[in-house]
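This report describes how two protein chains are arranged and how they meet. Please look at the sequence and structure below before reading on.

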There are 2 protein chains.
Amino acid sequence: MSELENSEQPAAAFSSELKGATNGGQDSCESPDNMKDVSLRFDLAAVYVSDAQHNRNITFDASPPSVRLYLIYNHWMLHVLVYVFILVDLALALFEEPALIPLPVWATSMIELICLVAFAVRLAHFAKVVPRRIFLRDPKNICIIVIITLCLLDMIIYGALKVSGNYAVRWSRVLRPLLLVNVTEGRQLRRAFRSIRNALPQILVLFFLFMFSVLIFSLMALKLMGKRNLETIEGAPYFTNYLDIVFDLYVLVTTANSPDIMMPAYNYSSFFALFFILYIVINTYTFMSVFLAVVYNNYKKYLKEEVRQLVRAKRQKMCHAFSLLKEGGEEPVVSKAHWNRLVRLVQPDITNAHRELLWNVSDHHNRGHIGKVAFVQLADLLNIQVITLKSRAHPLHTWIPAIYESAVSKLICRMVRHRMFVYLYDAIILVNAVFIGLDEEDPVVSSAEWFFLTLYVLEILLKLYTFEPRTFFARHHFWNWFDTIIIVSALLATVINAALKSSGGYTSRQILDIVFILRVLRLIRVVDSIQRFRAIINTLIKIGPLMLTFGQLILVVYYIFAMVGMELFKGKVQFFSADSPDPAREYCGNALLKDTLFARNNYCKNNFNDVVSSFVLLLELTVVNQWHDILRDVTHVSARIFFVLFHIVVVIIIMNIFVAFILEAFIIEYIVEKNDLQTSLEKKIEELNLCVEQDHLDGNLVDAMETQDNDMGPADTPSTKPTIMFKISSKRYSTMDGLLQRMFETGTDLSAEVIADTSEDMNFSNPSFSPA
Amino acid sequence: MSELENSEQPAAAFSSELKGATNGGQDSCESPDNMKDVSLRFDLAAVYVSDAQHNRNITFDASPPSVRLYLIYNHWMLHVLVYVFILVDLALALFEEPALIPLPVWATSMIELICLVAFAVRLAHFAKVVPRRIFLRDPKNICIIVIITLCLLDMIIYGALKVSGNYAVRWSRVLRPLLLVNVTEGRQLRRAFRSIRNALPQILVLFFLFMFSVLIFSLMALKLMGKRNLETIEGAPYFTNYLDIVFDLYVLVTTANSPDIMMPAYNYSSFFALFFILYIVINTYTFMSVFLAVVYNNYKKYLKEEVRQLVRAKRQKMCHAFSLLKEGGEEPVVSKAHWNRLVRLVQPDITNAHRELLWNVSDHHNRGHIGKVAFVQLADLLNIQVITLKSRAHPLHTWIPAIYESAVSKLICRMVRHRMFVYLYDAIILVNAVFIGLDEEDPVVSSAEWFFLTLYVLEILLKLYTFEPRTFFARHHFWNWFDTIIIVSALLATVINAALKSSGGYTSRQILDIVFILRVLRLIRVVDSIQRFRAIINTLIKIGPLMLTFGQLILVVYYIFAMVGMELFKGKVQFFSADSPDPAREYCGNALLKDTLFARNNYCKNNFNDVVSSFVLLLELTVVNQWHDILRDVTHVSARIFFVLFHIVVVIIIMNIFVAFILEAFIIEYIVEKNDLQTSLEKKIEELNLCVEQDHLDGNLVDAMETQDNDMGPADTPSTKPTIMFKISSKRYSTMDGLLQRMFETGTDLSAEVIADTSEDMNFSNPSFSPA
C-alpha cells in the first residue's frame with residue numbers, strides 16, 4: 001500500500017531538485033553549466049536506475065546530501081545489519097522466561113534495548129532520507145515507532161512489577177515479528193500479507209458457509225446418534241454433547257481423527273458410514289478444494305495488479321533517469337558515453353565486455369545513441385544475469401606444455417570428457433549406496449568406504465586436470481561446487497574420525513553423524529545425470545529462494561502463536577528423559593494426564609515449555625495429524641479456541657497460499673518460454689558469435705550450468721573461437737519480483753500497455769497512479 | 001481416441017448415402033426429386049444436428065435403415081437400460097462369495113448371464129449401426145467383446161472347479177467395472193481415463209524423483225538413528241530395518257503417523273526434529289504440491305485439446321446437416337420453413353415461441369433464410385436452456401375474482417411478497433434450530449415442533465395463494481420444490497410417528513430418524529437468504545452433476561481394488577457385535593491381533609469380508625489417516641504393496657484430478673462471463689422486450705431461479721407486459737461437455753479458429769483431422 005502510493009513522488013522530488021540546482025527553467029537539463037551539476041545529475045540518475053533494477057519504491061529527497069544518505073541507507077551491509085538485529089531480537093525468546101537457556105532478566109533486557117536503539121537509529125536515518133510529509137504518512141514507519149514504544153513500555157512495566165515481586169507478562173514479545181514485516185526490506189513479506197488481507201473477505205464468507213455445514217451435520221449427528229447410548233473406545237459417551245460433536249467433526253475435516261470418530265457408529269450400524277462419507281466428501285474434499293480455489297484465484301488476481309504497478313513504477317523511474325541525461329532537440333536521446341558512465345555508476349563491477357554487449361542490444365542500429373524506449377529497458381537488461389566466460393588455457397598447458405600435450409594426457413582428457421565417464425561414476429555411486437546401507441562396523445564395508453572416497457577424489461582431480469580450474473569453479477557451476485565440498489568434507493571428517501579411533505579407540509558420535517550425512521548426500525548427484533529429473537530439480541531449485549518469503553511468513557505467524565502459547569500453556573506438561581526414575585514420567589508430570597493417549601503415546605515433549613518445543617509443536621499442528629490428541633489432554637476445553645484459530649490461519653490460509661504459489665510457479669516454469677527481452681539479448685549474443693555451444697541445453701528447463709561436458713568446450717579449442725563467451729543464466733531469479741513479473745507479463749500485454757502508459761505523459765508532471 | 005478418429009467418417013458416409021439415393025451427381029442436393037427423399041434428407045439432417053447438440057461422435061451408416069436403427073440406439077430408454085444392467089452386474093458382488101447377503105451360485109450366475117446377454121445384444125445393435133470396418137477398429141468394442149468372453153469363460157471354469165470340489169477364484173469380477181468405461185455412453189469416463197493416461201509419464205518421472213528422495217532420507221535415518229538403540233512406544237526397535245524405514249517415511253508423507261514416528265528420536269534429542277521438519281517440508285509439502293501442479297497442468301492442457309476436437313467435430317456435423325438442406329446458388333442458404341421442420345424433428349417438445357426466438361437470433365436481418373455460419377450455431381442455441389414463462393392469472397383470480405381482488409386478499413399478497421416475509425421466516429428457522437438442539441423428549445419441545453410445522457405449512461399455503469401454482473412449481477424453482485418436499489415429508493412422518501406412539505406407545509426408531517433428518521434439512525434454507533452464500537452454493541450445485549464422472553471414476557477404481565482385496569484378505573479379521581459373548585471379540589477373531597492397536601481401537605469392522613465393508617475401508621484409506629494401523633496388523637508385510645498402490649492411484653492421482661477440477665471449475669465460474677452466444681440470445685430477448693426483470697440477478701453467479709420475489713412478477717401485472725416471457729437458465733450445464741467447452745472457449749480464439757477451419761473446406765470431402 002504505502003510503497004505504491006509513494007511511488008508517484010519521485011517526479012515531484014526530481015523537479016524540485018532541478019529547480020534547486022539550476023534556478024528553474026524548462027531547458028535546464030539540456031544545458032548543464034558546471035561539472036558538479038553534471039556529476040550530481042549522474043549520481044541521481046544512477047540511483048533511479050538502481051532503484052528500478054531492484055524494484056525499490058522509496059521516495060527520497062532529491063537534494064545531494066539526501067541522495068548520499070539514501071545511498072548509505074541502501075548499502076547491503078546495513079540491510080544485513082538490520083536483519084541481524086531482528087534475528088537477535090527474535091532469538092531473545094530462547095533466553096527469556098520460559099527459557100531454553102536461562103539468562104538473567106537484566107542481560108536479555110540490555111540486548112533488547114540495544115536492538116531497539118538500532119531500529120530507532122535506522123528509522124531516524126530513513127526519516128532523514130524521505131521527505132517528512134511522506135515519512136509520517138507511511139503506515140510502516142508508524143508501526144515501527146509504535147512497536148518500539150510499546151516494547152520499551154513493556155520492559156519498564158515488567159521490570160517494575162518484577163522488582164516489586166508481582167506477576168508480570170512480557171506481552172510485547174508478540175510484537176517482535178512484526179518488525180520483520182515493517183522494515184523497509186520486508187517488501188515481499190508485506191506483499192504476502194496484503195494478498196492475504198485482500199483474499200480475506202472471500203475466505204471468510206466461504207468459512208462461514210463451511211462452518212454452517214459443520215453445524216448442520218453436527219446437529220444431525222446429535223439427533224441420530226446421541227440417543228443410542230453408544231460409547232467411544234475410551235468408554236466416554238459418544239456424540240451426546242453438541243459442542244463436542246462440532247469440535248470432533250471439525251477435527252474430522254482435517255482427517256486427524258478418522259476413522260476413530262466413525263467407528264462406534266459404524267460398528268452399531270453400517271448405514272451410519274453413509275453419514276460420515278457424505279460429511280467427508282462435502283466438507284473435507286469439496287470445501288477444502290474450494291478454499292484452495294479461492295485462495296489461488298485471489299492470490300493470482302491480486303499479485304497481477306501489484307506486479308502491474310511495480311512495472312509501472314519501474315518504467316517511471318527509468319524515465320526520470322532518462323530526463324536527467326537526455327540530449328538533443330525534438331527527439332531526446334542518451335549518448336553512448338553518458339550511458340557508459342551511468343552503467344558504471346550503477347554497477348561498478350560490470351565487465352567492459354558485458355557492458356558493450358548490453359549497449360549493442362539497446363542500440364540496434366549502431367547509431368551511437370539510444371532513445372527513451374531503449375533506455376527504459378536498461379533496468380531489465382541489468383537484471384539478466386549474463387555470465388562472461390573467458391576462455392583460458394589450462395595452467396598445466398602453460399607450465400608444462402610438453403607433458404600436457406602428450407598423447408597420454410590427451411587420452412586422459414578425452415576419457416574424462418566422454419559420456420561413459422559420467423555413467424561409470426553413476427554406477428559407482430549406486431554401488432556405494434548399497435555399501436552405505438550395510439552395517440558400517442563390518443571391516444570390509446569400512447575399508448570399502450576408503451576405496452570409494454579415493455575414487456571420488458580421483459574424479460575431482462581428473463576433472464581439474466582436464467578442465468580449466470577457474471572455469472570449473474565458476475560461480476554458476478552448482479554441482480561442481482556441491483561435489484567438491486561434499487567430498488572434501490567427507491575426506492576430512494573420515495580422516496579425523498579414523499585418527500580419533502586409532503589414537504584412543506574413542507569414536508565421536510557427532511563426527512560419525514556428519515560422516516554419514518555427507519556419505520548419503522553424495523548419492524544425490526545421481527539425480528543430475530538423469531535429464532528428466534534434472535528438469536524438475538532445477539525448477540525446484542529455482543523456486544527455492546523465493547520460498548524464503550513463505551519462510552518469513554510462517555516465522556511471523558509461528559512466533560506470535562508460540563509467544564501466546566507459552567504464556568498460556570507453559571509448564572502444564574513436563575518432559576522427563578528416558579532414564580529418569582521419577583514416577584511422574586508416566587503421565588508427563590501432570591496428574592490429569594494419567595492413562596490418557598497423550599501420555600501413553602509419549603507425547604510429553606510436545607509442550608510449550610520453551611520456544612523450540614513450541615515451534616516443533618506448532619509444526620506438528622500444521623501437519624495436523626493427531627492434533628486433537630496433542631491438545632485434548634493438555635488443558636482446559638477452551639484451549640481448543642487457540643488451536644482451531646491456529647488451524648484456520650496456518651493450514652487453511654497460509655498453507656493454501658503456499659500450494660497456490662508452487663502451483664503457479666511450476667506451471668509457469670513448464671509453460672512459459674523465456675521472455676522477450678531475454679530472447680533479444682540471446683539473439684544478440686548469437687549474432688555476435690559470442691555464445692557457447694548449446695547442444696545439450698534444451699531451452700526451457702535445463703539450466704546451462706549443469707552440463708559440464710559442453711561447458712568447458714572453449715578451453716579445448718581456443719584457436720577457433722573468440723576468447724570471451726557469454727551465457728545467459730537468468731533462469732534463477734535473484735528476486736521474487738523477477739519471477740512474479742515473468743509470471744504475469746507472459747500471456748498478457750502488460751509491458752506493452754505500461755510502455756504506452758508511460759510514453760503518453762512524457763513530462764511526468766502528474767503521473768496518475770491508481771491505488772491498489 | 002476412437003471417437004475422435006472416427007469423427008471424420010460422417011462425410012464419407014454421407015456422400016455414399018447421397019450416391020445411393022440419387023445415383024450420384026454433384027447437384028443432387030439442390031434438386032430432390034421425390035418426397036421420400038426429402039423426408040430422408042430431413043431425418044438425416046436432424047440426426048446430425050442432434051448428434052452435434054449432444055456431442056455424440058458415432059460414425060453411423062447413412063443408409064435409411066441404419067439411420068432408423070441409430071435413432072433407436074440413441075433412445076434414452078436404452079441408455080437407462082444399459083446402466084441398469086451394469087448396476088445389476090456390479091451389484092452382484094453383494095451376493096457372491098464373500099457375500100453380504102448370500103445367494104446360491106446358480107442364481108448369481110443366471111443374473112450375470114442375463115446381463116452379459118444384454119451387453120452382447122447392445123453391442124450387436126451397435127455393430128448394425130456402424131460400418132463393419134469402423135466397428136472392428138474401435139478399441140472399446142473389442143474391449144467389451146473380450147470382457148464378455150472372459151466373464152463367460154470364468155463362469156464356466158468356476159462352475160467346473162466348484163462342482164469338482166476344487167478351490168476357485170472369480171477373477172473376472174475385476175473386469176466388470178471396465179464395462180462402465182467401454183459402453184458408448186461412458187464418453188466422459190473414457191476422457192477422464194485418457195487424461196490420466198496422458199499425464200502419467202510426467203507423474204511417473206516425478207514419482208520416481210519423489211521416491212528417490214524418500215529413499216535417500218530413509219538411508220540417512222538408518223545411519224543416524226539405527227545405532228542409537230531407540231525404541232518405539234510399543235517397544236519395537238526404532239529405525240533399524242531399511243525397508244521398514246522406507247515404509248514409515250512413506251506413510252509420514254501422508255502425515256498419517258505424524259508425530260508418532262518422530263517422537264522416539266525427538267525425545268532422544270531435539271536436533272532430530274530438524275530431520276523430520278526437513279523431510280516434511282520437502283516431501284509432504286513441496287512434492288505433494290508439485291504433484292498437484294503436474295496433474296492440474298496436464299489435465300488442463302489435455303482437456304483443452306479434447307474440447308477443441310469436440311468443437312471441431314460438432315461444427316463439422318452441423319455443416320453436413322447444412323449441406324443436406326441448403327438451397328440457392330452461389331451462396332447456399334437454408335430457408336425458414338426448412339429450418340422450422342428441422343428444429344421440430346430434432347426437438348419435438350420445443351414451444352413455438354422458443355423456436356421463433358431462436359430463429360430471430362439466427363436471422364439477424366430478417367431475410368427469411370440463414371447462411372452457413374448462422375446455421376452452424378443451431379446446436380449451441382438448442383443447448384441454451386430458455387425457460388418460457390407464460391404469465392397466467394392465478395386460478396383463484398379466475399374462480400373467485402371478487403374475494404381474490406378484495407383489499408384483505410391484496411394485503412396478504414403484498415405481505416407475502418415483502419422482503420420482511422423472508423426475514424421473518426429466517427428468524428423462525430433460527431429459533432427452530434435451537435429447539436431442534438434441545439432434548440426432544442421434553443413435552444414443551446415436542447409440542448413446539450408441531451407449532452413450527454404449522455408455521456412452515458402456512459408459509460407454503462400463503463405462497464401458493466399469492467403466486468400462480470404452476471409458476472411456483474416450475475421445474476427451475478429448486479428451492480420451492482425443496483421446501484415443499486421437505487415440509488410435506490416431515491408432516492407425514494411426524495403424523496405417522498405420533499399415530500404409532502399414541503396407538504401402542506411404540507416408537508419406530510427408523511421413522512424418528514427420518515423425522516430428525518428432515519427437521520435438520522429444513523434449516524439449510526437459511527443459506528438461500530444470504531446473497532453471498534447463495535453465490536457459492538449455486539456454483540457448487542452447478543459443479544455437482546459434473547462430479548458424477550468422478551463418482552464413476554472412483555467407483556471403477558474402488559471396485560477393482562475391492563475385488564482384489566476381498567480375494568486376498570477376506571476372513572482375516574472378524575467383526576463381532578458389541579453384545580457378543582465370544583472372547584475372540586477382543587482380538588477380532590485373529591490371534592495375531594491380540595493387544596495390537598488395531599484391536600484396541602476397535603477397528604475389527606475395517607475388513608474385506610464383504611463388498612460394503614471393503615468400500616468403507618477403501619474410503620478410510622482414501623482419507624489416509626491411520627491407514628498404516630489399519631493395514632499393519634491385518635496381514636503379511638507384503639500386503640503393504642496393495643495399500644501403497646492404492647494410495648498412489650487414488651490419493652496421488654485421482655484426488656489431485658478432483659482438486660484440479662474443482663479449482664478450474666470454480667475459477668471459471670468466478671471469472672468467466674457468459675459466453676458470446678448466450679449473450680446474443682439474451683440481447684435478442686431483451687430487444688424483443690420478452691425478458692423478465694433482472695433487478696436482483698447479479699449476472700454472473702446468482703441464478704435466476706432462486707429469486708422468488710422477482711420471478712413471479714409477471715403474474716402480478718399481466719396487462720403491461722407480453723404474456724410470454726423468456727429467461728435463460730443455461731448456467732446449469734446439462735453436460736460435462738458444456739462446462740468444458742465454456743472453460744476453454746473463453747480467453748481463447750477457439751471458436752473463431754474452428755469456424756475458420758470449417759469454412760475453408762466447404763465441400764468436406766476430406767476434412768483433415770489431427771489425432772489426439
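In this predicted model, the residue V624(B) follows helix α30(B) and has a positive phi, near 85 degrees. The helix that precedes V624(B) covers residues 611-623 of chain B. Helix α30(B) has 13 residues and reaches 18 Å from its first C-alpha to its last, which is close to the 18 Å expected at 1.5 Å a residue.

Because 11 of the 13 residues of α30(B) are buried, the helix is largely enclosed by the rest of the structure. Among the buried residues are V611(B), S613(B), S614(B), E620(B) and T622(B).

The report now turns to the two chains together. Chain A can be laid on chain B with an RMSD of 0.1 Å by a turn of 180 degrees and a shift of 0.0 Å along the axis. The two copies are thus related as by a two-fold rotation axis.

At the interface, 65 residues of chain A are in contact with 65 residues of chain B. On the side of chain A that touches chain B, the elements that give two or more residues include α10, α21, α30 and α32 of chain A. The element that gives the most to this side is α13(A), with 11 residues. The classes of residue on this side are set out below.

| Class, side of chain A that touches chain B | Number |
|---|---|
| Nonpolar | 46 residues |
| Polar | 13 residues |

Methods:
Residues numbered from 1 in each chain as written. Chains lettered and ligands numbered in written order. Predicted model: local features only at pLDDT ≥ 70, side-chain atom pairs only at ≥ 80, totals over all residues. Least-squares fit on C-alpha atoms with pLDDT ≥ 70 in both. Contact = placed C-beta atoms within 7 Å. Helix = DSSP H or I, 4+ residues; strand = E, 2+ residues; numbered from the N terminus. Nonpolar A, V, L, I, M, F, W, Y, C, P; charged D, E, K, R; others polar. Expected span 1.5 Å × (residues − 1). Buried ≥ 20, exposed ≤ 12 C-beta atoms within 10 Å, placed from the backbone.
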